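Hi,

Here is the structure I promised to pass on. Have a look at it first, and my notes on what turned up follow below.

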Amino acid sequence: MSESPKSLGVPHLLSVVTFCQARSNQLNLCLFTNQNSRIMEENEYQEVEEPQNKPLPAGKVLPGNLNIIPLFKRPIFPGIVIPMLIDRKEDIESVQHALDKDNGNVGLVYVKDQVGDEIEYYDMGTIFHVFRSNPLPNGNLQILGQAVKRFRKKRISLVVPRLRWEVTYHTDPEDKPGTELKAYMLAISTQVKELLQLNPTFKEQVNQLVAQLNYDTPGLTMDLISNLLTTDSDDLQLLLEKTDLQERAQFLMELLREEYEVAKIQQKINDQINEKVQEQQREFFLREQLSAIKKELGLEKDETENEVEQLREKLAGKKLPAEAQKVVDEEIQKMQVLNPQSPEYNVTRNYLLLIADLPWGVYSQDSVDIKKARRILDRDHYGLQDVKDRILEYLSTIIKRGRIGGSIICLVGPPGVGKTSIGKSIASALNRKFFRFSVGGMRDEAEIKGHRRTYIGAMPGKIIQSLKRVETANPVIMLDEIDKIGMSFQGDPASALLEVLDPEQNQEFMDHYLDIPFDLSNVLFVTTANQLDTIPGPLLDRMEVIRLSGYIMEEKVEIARKYLVPKQLEAHGFKRNEITFTKTALKYIIDNYAREAGVRNLEKAIRRIIRKATLALAEGQEADLHIDKEDVERFLGKPIFHTEQLYDKPIPGVVLGLAYTSFGGATLYIEAAAIKSARSGFKQTGQLGSVMQESSEIAYSYVRSLLSHDERFNKFFDENFIHLHVPAGATPKDGPSAGVTMALALYSLAVNKAVKPGIAMTGELSLTGKVLPIGGVQEKSIAAKRVGIKELIFPLENKNDFDMLPDYVKKGLKVHFAGHFSDLLEVAFRGKPPVK
């Protein structure tokens, strides 16, 4: 059932308050509200002019048994006339029964608790006399009636088909109230008036009501006021159960005091909000008036005129192409007729601001001193002489022509070899601004060429953003990790870069957001990559590749002494010579903790040692500030790397090879083992890629064919199952350059003779035994020197590649060149191979 009222007083608004009449023996107050169900409209109760059942006459005997109707919102006090909406089927039947049998009297009882269909009631409620009932089209029942007096449950007389209680009634005493009760009534009246002062919405009506109250009937007066309270429903039920008038008056006074405190807080909050709103409105009106006065006096321009003037000031001195100038003029004209509050105004304004911020015709003065450029490269980087020469050749061409021409520089090498820092040095050598951004993982073409302005949140691409940032039209822009660029349904960024990096096309580069050609031909683009395999062919074709192979031990020592140690000392607050590293200590760190091609791990190791020294000093300990070889393990723990000598002595079937990865050169062992078997067979393990598997099968076929002509070994492969393994099985491996190494391992196993120690090799093997050329000669040479291997075998066709290596790389290496597998056997077995 949906009953009304839910909340009928201050501080909440009353929905309707209409006074019917005030008498000494009864007070009819027609009001209704419903917070959780729909509010009954006025036309739903207008027809109730003459009640079907007249109000209960004074002295009328009330029934001893009542049908019980539950109240779910709040209890109702005697004395109120109220319309109610009955929506539960069993409650509608109870009302109909009461109209037929009990002269329209039902009991209204507030629900204490409800679990499912089980309802627990309070023991005290209010008898309600129904004047009129009105069935509604949706099956609900609308009734109008008056709450008469309190009753208490005596016992349950019936449960099915309707809940019916046997009840006893409570009648307030009719004697004139005593002095103390009168004092309570006056205090209650005063408190109600104070509440009205805080919320005067219905002050006139309620004042009229209070004036008509008869204080000779305090019970009725208190019940009326109780119906106006918004207090918690359980407290209202407790108030309903107070039968002693003095206790009821005392508890009602407490509830009114709580209402008053809540109303005061609400009034304070409302006053603060109103004051703030009024202040903002006052400030707004004053500003508008001031602006209007200034405009009349010619002291101030409107917002649009100010914006246009600022734009023209920004564009002054910049050499916009005719097409760009035409677009600017059109957009400014459009902006002047737009309302500043419209969304299109802000779009146009932001577009014009971007155009004004771009460096149209603004160039930094290039340095033409090639000797200065060499000094800068030598200052910033140790070694890499061939790389520096290639860069200086490129820069000298730029200086000679006065503009960028030819291919784009692509620096390729393992991580940590200084590709990014070389880009910075190039910018410094040319006296140009430098900007770097990574394209690794980029999947959206709009990152390069921007979004179209029709999209919400559209932005220019990275190229235009970088030009805006550096404020010159001829910076050095580095595109980092170009080998890791992606592709998705949103487009192909690599294809978008074709226009950017092609000198023949980028003179009129068209960004989607800018939609005006911008000349990128004066921008020097430098790209970096770890490997070339994943760079699309058309993009790679536009680049001039410069390889940075990595550093050998001697170079790393000098880099650490000249750059890394001073840098970390400064970063940790030490002076240049407060902590010193001996050369032997640096060599020990490089050989045992930082064996990669670059110097990133070397810098981490130095940083860790300095941090531990800093901690020791902070704790008041005596820290050793002179780091020698013996101190390294104390700071860094046990060595991470060991020399690639897995075996104490040479073993047949085990050969050391050379490999090239994206992290630089590396050494790896190839192992072969034979298992006696009734039939021959061959398998490979070690996470070999498809190309490497094919190389192993070629090696197996060639060696088996070679030995088939010798009576001593021609039955070896028929009687044994061969297993070829490449250690570090968790690391994927692929490529053809291990062909000769696998063939030599199989040959060594078959003839049961180990190759000579301290030798490593690389080369692709053909099915006829020809040794084919490979790549990464410099990287593989450096990797061999890094692990102490001094004797190498390369394909004969790679002799020119080795001869072109820097002297510091070739120094200390003994290199043999093999054109056929038989040449390799001569070297591996000291000129005495069992079978040639």
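This is a predicted model: local features need pLDDT of at least 70, side-chain atom pairs count only at pLDDT 80 or more; totals for chains, interfaces and linings use all residues.

For context, most residues other than glycine have a negative phi, and most peptide bonds are trans.

Residues are numbered from 1 along each chain as its sequence is written, and side-chain values use heavy atoms, with hydrogens and water left out.

S8 (residues 141-158) and S9 make a hairpin with five residues between them. They run antiparallel and are joined by seven bridges; one of the bridge pairs puts Leu-158 with Arg-164 in S9. Strands count as paired here if DSSP finds at least two bridges between them.

S9 (residues 164-170) also has strand S3 (residues 65-71) as an antiparallel partner, over three bridges, and Leu-66 has Trp-165 as its bridge partner in S9. S3 is joined to strand S5 (residues 105-115) as well, this time in parallel and through five bridges. There, Leu-71 stands opposite Tyr-110 of S5. How much of S3 is buried? Six of its seven residues are, so S3 is largely enclosed by the rest of the structure. (Buried means under 20% relative accessible area, exposed over 50%, and partly exposed in between, with a 1.4 Å probe and protein chains only.)

Five strands make it up, in the order S11-S12-S15-S10-S16, with parallel pairing. Strand S11 (434-438) and strand S16 (543-547) are at the edges with a single partner strand each, so one side of each has no neighbour in the sheet. On average, neighbouring strands of this sheet are turned by 25 degrees against each other, direction ignored. (Axes are lines fitted to C-alpha atoms, for helices over the stretch in contact, and angles run from 0 to 180 degrees between N-to-C directions.)

Within that sheet, S10 (residues 408-412) pairs with S16 in the parallel sense over five bridges, and Leu-411 is opposite Ile-546 in S16. Two helices to look at here: H14 (residues 462-470) packs on the sheet, touching S11, S12 and S15, with its direction at about 150 degrees to that of S11. Helix H12 (residues 419-430) lies across S10, S11, strand S12 (476-480) and strand S15 (524-529), and runs at about 170 degrees to S12. Contact, here and below, means heavy atoms within 4.5 Å.

There is also a helix pair. The axes of H18 (residues 583-593) and H20 (residues 629-636) come within 8 Å and cross at roughly 45 degrees. On the H18 side the contact residues are Thr-584, Ala-585, Tyr-588, Ile-589 and Tyr-593, and on the H20 side Lys-629, Val-632, Glu-633 and Leu-636.

Glu-471, in the loop between H14 and S12, has a positive phi near 65 degrees without being a glycine. Glu-471 is exposed, at a relative accessible area of 54%. Gln-687 likewise has a positive phi, near 55 degrees, and is found in the loop between strand S21 (681-685) and helix H21 (690-707). Is Gln-687 buried or partly exposed? Gln-687 is partly exposed, with a relative accessible area of 43%.

Finally, some totals. The protein chain has 27 helices and 27 strands, and 49% of its 836 residues count as buried. Among contacts in the chain with a separation of 6 or more, 74% are between residues 24 or more positions apart. The chain exposes about 41,700 Å², with 49% of that supplied by carbon and sulfur atoms; accessible areas come from the Shrake-Rupley method with a 1.4 Å probe, and for residues only the protein chains shown count as cover.

Cheers

Methods
Helices (H or I, at least four residues) and strands (E, at least two) are DSSP runs, numbered from the N terminus.
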